[in-house]
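Work through the two exercises below with the sequence and the model side by side. Try each task before reading its solution.

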Amino acid sequence: MNLISDQVDKKEIEIIVRELKKVLGNDVIGDVTEFGCYLGTTSVYLAKTLMQTPERSLYVYDSFAGLPEKNSKDISPLGVSFKAGELLASKKQFIKNMHQHGVPVPHITKAWFADIKPDDLPEKVAFAYLDGDYYMSIIDSLRSLNGRLSPGATIVVDDYGNAALPGVARAIDEWLKSHVATLKVEHSLAIIYVKR
Ligand SMILES: C[S@@+](CC[C@H](N)C(=O)[O-])C[C@H]1O[C@@H](n2cnc3c(N)ncnc32)[C@H](O)[C@@H]1O
């Protein structure tokens, strides 16, 4: 497994693909979304897995301008990791990486998550991967998914167990209070099963 960036490790990719395959095997209705695609490390594996089910599409979202500013919920006693503008990848480089890895180029929306329009999203979402690092990035990703998640959908969130990025767990824990879903944590990923 040759990863494009160090933003995700092999074990995490295995878990993400395993969870996506479960959703596909359970015939959960809908497409697949990734919020925070960066250079496409995870996108390649999502796209590869979806090649087995051509009726499903991958939708990816990124500012392609790097990370936004943190807010107070992102401040960690561990100190400063990441600053605004870091993790900047161009859309052109993302597309090049998809070609180089022999996977179809997904639907790409270049936008801040808060500015994603209803038309940018698939009608129904069976699987969502959230990798926006910060509290508001996760809140805005979840807001985009409002009313789109199918019964039995799965959301996987990177950095839930990462103490250096505490906004992620704060956003997810808040969301879980008002949604019927169960949470499992594995290798710093939150795996959220939406009720069938
Ligand atoms: C950790 S990287 C994603 C890594 C990627 N999933 C991978 O597999 O390599 C985080 C990405 O999220 C994007 N991002 C974070 N917050 C965002 C926001 N609020 N709106 C748009 N993009 C955002 C950044 O531009 C960055 O590319």
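Axes are lines fitted to C-alpha atoms, for helices over the stretch in contact, and angles run from 0 to 180 degrees between N-to-C directions. Helices are DSSP runs of H or I with at least four residues, strands are E runs of at least two, and both are numbered from the N terminus. Residues are numbered from 1 along each chain as its sequence is written. The model is predicted: local features need pLDDT of at least 70, side-chain atom pairs count only at pLDDT 80 or more, and totals for chains, interfaces and linings use all residues.

**Exercise 1.** Describe how helix H4 (residues 135–144) and helix H5 (residues 166–177) cross.

Solution.
- Step 1: the axes of H4 and H5 come within 7 Å and cross at roughly 35°.
- Step 2: contact (C-beta atoms, placed from the backbone, within 7 Å) involves Tyr135, Ile138, Ile139 and Leu142 of H4. From H5 come Gly167, Val168, Arg170, Ala171, Ile172 and Trp175.

**Exercise 2.** Which residues of H1 are buried, and where do they lie on the helix?

Solution.
- Step 1: a residue is buried with 20 or more other C-beta atoms within 10 Å of its own, exposed with 12 or fewer, and partly exposed in between, the C-beta atoms being placed from the backbone.
- Step 2: Glu12, Ile16, Glu19, Leu20 and Val23 are the buried residues of H1.
- Step 3: seen down the axis of H1, these buried residues fall within an arc of 100° (taken from the directions from the helix axis to the C-beta atoms), so they line one face.
- Step 4: on the other side of H1, Lys10, Lys11 and Gly25 are exposed.
- Step 5: the cover over the buried residues includes strand E1 (31–35) and helix H2 (41–50).
- Step 6: after H1 comes Asp27, with a positive phi near 55°.

Conventions:
Two residues are in contact if their C-beta atoms, placed from the backbone, lie within 7 Å.
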